[in-house]
Each structure stands twice: as C-alpha cells, then as structure tokens.
Amino acid sequence: NGYRISSWRQPLYDRVCMTYTISGRKADRYFLGVLNMHGQPMRLEGVVEYENPQGQHLPLGLVYLPATLRIASVAFLGLTVAVASALSSSIRRGATALHMLLITCLWLKSAELTLK
C-alpha cells in the first residue's frame with residue numbers, strides 16, 4: 001500500500017530537487033523510502049544529513065570535545081614548561097638525554113591535542 005503515514009511526498013516524474021528538514025523533538029528512528037509504484041526505471045542521487053539541535057554535527061556525547069582538547073593542550077604545554085624550567089635549574093645536577101626526551105614527548109602531546 002502506497003498510502004503510509006509520511007511527512008513528505010513528491011511524485012517523481014522528471015526531476016525533483018529539494019531540501020526537506022525534519023525537526024524531531026527527541027532521539028528517534030527515521031526512515032527514508034522511495035516507492036516506485038509504476039515499476040519504471042529510475043536513477044536516484046542524493047544526500048541525507050543528520051544534524052543535532054543548534055546545528056551541532058558531533059554526536060551529543062562529543063559536543064564538548066573541542067573545548068576539552070583545548071584545555072588538555074594548554075595543560076600539557078604548562079606541564080612542559082614546568083618540567084623544562086625545573087630541569088634547567090638542575091642541569092648541573094645531572095639532567096640527561098632522557099629528561100630531554102620527556103620534555104619533547106610532553107611538547108608533542110600538547111601539539112597533537114592542539115591540531116585535533
């Protein structure tokens with residue numbers, strides 16, 4: 001039966017170019033279907049996009065990820081400066097190449113978080 005409950009219907013006779021937005025009140029399951037009632041050959045092209053409220057494209061669980069990455073990047077950069085300054089005051093007491101590797105790793109972690 002082609003008379004199902006639907007939010008939008010459009011006959012496909014030549015070309016259909018459209019944008020249609022559904023604003024759901026809650027998380028739900030939506031179906032996109034094309035019925036070819038006449039059995040005619042057809043070619044379909046299109047894009048379906050899902051977007052969270054306020055235009056968010058991240059899943060709702062990851063909305064605060066960019067801010068979290070910025071904070072973590074600054075924290076690692078601060079730790080890098082603190083370790084480098086602590087080691088620079090104790091160079092005479094035996095800072096080694098391993099200490100420099102530690103500082104380099106902290107700086108690289110800060111750079112990685114900044115670039116994400």
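**Figure 1. Overview of the chain: 2 helices and 0 strands.** The model is predicted. The chain has 116 residues, and 9% of them count as buried. The accessible surface comes to about 10,900 Å². Carbon and sulfur atoms supply 60% of that surface. Among contacts with a separation of 6 or more, 38% join residues 24 or more positions apart.

**Figure 2. Helix H1 and its buried residues.** H1 covers residues 65-89. With 25 residues at 1.5 Å each, H1 should span 36 Å. Helix H2 covers residues 97-115.

**Figure 3. Serine 73 and its partners.** Serine 73 is in helix H1. Its relative accessible area is 6%, under the 20% cut-off, so serine 73 counts as buried. Leaving aside residues up to four places away in sequence, serine 73 touches Ser110, Leu113 and Thr114. With threonine 114 there is also a polar contact, side chain to side chain, at 2.4 Å.

**Figure 4. Salt bridge between glutamate 112 and lysine 109.** A search of the whole structure finds 2 salt bridges, and this view shows the one formed by glutamate 112 and lysine 109. The closest N and O atoms are 3.1 Å apart. Both residues lie in helix H2, 3 residues apart. That spacing separates glutamate 112 and lysine 109 by about one helical turn. An α-helix has 3.6 residues a turn, so residues three or four places apart point the same way. Glutamate 112 is partly exposed, at 34% relative accessibility. Lysine 109 is partly exposed too, at 32%.

**Figure 5. Salt bridge between glutamate 45 and arginine 43.** Here the side chains of glutamate 45 and arginine 43 meet, with an N to O distance of 2.1 Å. Glutamate 45 has a relative accessible area of 64%. Arginine 43 has 70%. Exposed means over 50%, so glutamate 45 and arginine 43 both count as exposed.

**Figure 6. Glutamate 49 and threonine 21.** Glutamate 49 sits in the segment before helix H1. Its relative accessibility is 63%, and glutamate 49 counts as exposed. In sequence, glutamate 49 and threonine 21 are 28 residues apart. In space, their C-alpha atoms are 9.6 Å apart.

**Figure 7. A nonpolar surface patch of about 900 Å².** The patch is made by Trp8, Leu12, Val16, Met18, Tyr20, Ile22, Tyr30, Val34, Met42 and Leu44. Methionine 18, one of these residues, is placed in the segment before H1. At 38% relative accessibility, methionine 18 counts as partly exposed. Patch residues must have over 30% relative accessible area, so methionine 18 at 38% clears that cut-off.

Technical notes: Residues are numbered from 1 along each chain as its sequence is written. This is a predicted model: local features need pLDDT of at least 70, side-chain atom pairs count only at pLDDT 80 or more; totals for chains, interfaces and linings use all residues. Side-chain values use heavy atoms; hydrogens and water are left out. A salt bridge is a side-chain nitrogen of Lys or Arg within 4 Å of a carboxyl oxygen of Asp or Glu. Buried means under 20% relative accessible area, exposed over 50%, partly exposed in between (1.4 Å probe, protein chains only). Helices (H or I, at least four residues) and strands (E, at least two) are DSSP runs, numbered from the N terminus. Contact means heavy atoms within 4.5 Å. Accessible areas come from the Shrake-Rupley method with a 1.4 Å probe; for residues, only the protein chains shown count as cover. A polar contact is a pair of N or O atoms within 3.5 Å; within protein, one must be able to donate a hydrogen and the other to accept it, and residues adjacent in sequence count only if both atoms are side-chain atoms. Patches are made of residues with over 30% relative accessible area and no salt bridge: like charges are joined within 9 Å, nonpolar side chains (Val, Leu, Ile, Met, Phe, Trp, Tyr) within 5 Å. The expected span of a helix is 1.5 Å times one less than its number of residues.
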